[in-house]
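Dear colleague,

I am passing on the structure we spoke of, with some notes on what was found in it. Please read them with the structure open beside you.

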Amino acid sequence: MNRDALFGQIPYFWPDLNDEEYALYDCLVYSAEEVERIREATRAVDVVFHKANRLLRTLPDETLRLLGYPEASLPFVRDKAIAQETIIGRYDWIVKDGMLKLMEFNADTPTFIKELFDVNRFVTAEFGLCDPNEGATELLQTELRKAIVSAWQRLEKDGTPKIVFTAHDDNIEDKWTTRFLQETLDLPSEFVALHELLVEHDGVYTPSGERVDVLYRQTYPIEHLVDDLAPDGTRIGVRLLELNEAKHVSLLNPLSAFLMQSKGVQAFIWELYESDMFFDATERDIIRTYFLPTYLEPDPFLGQSAYVQKPAFGREGDSVILYDLDGTPFHKESLQTYANETAIYQQFNELPTRMTNTVNGILETHYMIGCFCLNGRPSALGARAGSMITNNQSYYLAIGTHKGE
C-alpha cells in the first residue's frame, strides 16, 4: 500500500494541509516500556498542574495578569464549574537520552486528537506494528460522557440536554477534530459551526432556535473568544462567558482548563519549586525530574544556558525565539503574531532527531512526543516531526510498538 492508499481509506482526515504533506508514510517505533514511561510521566506532571490550578484560583488579578491572562478573561478564570479540571489535555515531551522533559501543556484546546485516537491504528497496521493507542478511543468516550453529564447536572435542569459541538467551519483540521469527538460521544448531539451559533442575552441557540445546554468548543480558544465582537460591536465572546457563569449554558472544556493553559503556569510552578513552597517532597521530585526551568524573564539564563522565549498563549510555534546563553537569538519563527504579548523563558533542550520518510525523500527531522491526558488518565500518544521548533508546518508521525512486547 502507498501513502495515498493508506490515508485514502480513512474517512474525514486531512493527510495534507494547505496543499502540503502533513501525515507521514512512516512510523516511529518505541518499546512498550518506553510508551509506559511517557504515560507515567504524563500522569505525574498532571497531578502537579492540577494542584497548581487550585492555588491559581486564589491569586489576585494582578498576579494573573503577570502570567499572561487576557484582561477580559479575569472575571471568569477562577470558575470551578465541574469536578474535572480539564477533559482533554495534551502534554508535549522531549524524549531523548533516557530522559523526559516537559515542553508545555495544552490544557484547553489541544488538537492532534483524530490522528492519535484514530489514524494511528491504520499507520501501525501498515507497518506491521502494534498500536500503543489501542483502547484509547473507548477511554475518550467514557470521559466525554462523564464531562457532558457533569456539565448538564451543573445547570440543574430537568429533561434531556441539547449538546452541541462547535468549531470554525472553514478550517478542516478544527472541523473534523471536533466532528470526531462528536462521533465518539455515545449521546445525541449536533454540530453547529461557530458563525451559526446565536448568542443571545438569555442563552445560546442553534440556527433552528433550540437552546444549547452543553457547548463543546474543543478548538475555540478562550483567549480568542474574549476578543470576539458581533457585527454591531457587542462583545459576543464575553457574553458567552457570562452565560456560562450564569448557568444558561455549560462550556467544555471548562474554564478551569483555560486557567492551566497559560505557559506562565510553568513559570509559576518552577518558582514555587525553587522557593520550596506549596509542593510536597513527592511533587518536588516530579518537578525536578520532568520540568524545565521556566521564568517570566530571561535573566536567570544569561551566561548560563541557551533558552527559549515563548508567548504565554502562543500556538504552533508562532512567535517562538531561541537564544544562545549570551542572549543572542539563533533561531526565530517567521510568524511573530504574539510578539508583543506576555512571554515566558524556558531552558532550551534541543529536540531529538531522526531520518524521516517524506514525499520529498528521507529528511532529518526533529520530533516531539505529545501524550493526551483525559481527566487525569494518560492516553493516546504520537509525534510531531519537523524543524527545531514544532510549528504549523510540522508533520504527523505515528508511533508503534513491536508485536509480542
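A nonpolar core is taken here as a set of buried Ala, Val, Leu, Ile, Met, Phe, Trp, Tyr and Cys residues joined through side-chain atoms within 4.5 Å. Please keep in mind that this is a predicted model.

The largest such core has 79 residues, and those with the most contacts inside it are Tyr 69, Trp 93, Phe 291 and Ile 369. Helix H2, residues 32-56, gives the largest share of this core, with nine residues. Once neighbours within four places in sequence are left aside, Phe 291 is in contact with Val 45, Val 48 and Phe 49, with Lys 101 and Leu 102, and also with Ile 269, Trp 270 and Ile 286. There is a second, separate core of 46 residues, which includes Val 123, Leu 140, Ile 163 and Ala 193.

Leu 140 is also among the buried residues of helix H5, as are Leu 139, Glu 143, Leu 144, Trp 152 and Arg 154. Because 19 residues at 1.5 Å a residue should span 27 Å, the 27 Å between the end C-alpha atoms of H5 (residues 136-154) agrees with expectation. Just after H5, Glu 156 takes a positive phi of about 55°.

As for the second largest pocket, about 290 Å³ of space lies in it. Its lining is made up of 14 residues, of which Leu 194, His 195, Tyr 220, Asp 228 and Ile 236 lie nearest the centre. By type, the lining residues divide into 10 nonpolar, three polar and one charged, and helix H8 (residues 236-245) supplies the largest share, three residues.

With best wishes

Methods: Residues are numbered from 1 along each chain as its sequence is written. This is a predicted model: local features need pLDDT of at least 70, side-chain atom pairs count only at pLDDT 80 or more; totals for chains, interfaces and linings use all residues. Side-chain values use heavy atoms; hydrogens and water are left out. Helices (H or I, at least four residues) and strands (E, at least two) are DSSP runs, numbered from the N terminus. The expected span of a helix is 1.5 Å times one less than its number of residues. Buried means under 20% relative accessible area, exposed over 50%, partly exposed in between (1.4 Å probe, protein chains only). On a 1 Å grid over the protein atoms alone, a cavity is a set of points where a 1.4 Å probe fits but cannot get out, and a pocket is an open set with protein on both sides within 12 Å along at least five of seven lines; lining residues have an atom within 4 Å of a point. Grid points are joined across faces, edges and corners, and a volume is the space filled by probe spheres set on the points. Ala, Val, Leu, Ile, Met, Phe, Trp, Tyr, Cys and Pro count as nonpolar, Asp, Glu, Lys and Arg as charged, and the others, Gly among them, as polar. Contact means heavy atoms within 4.5 Å.
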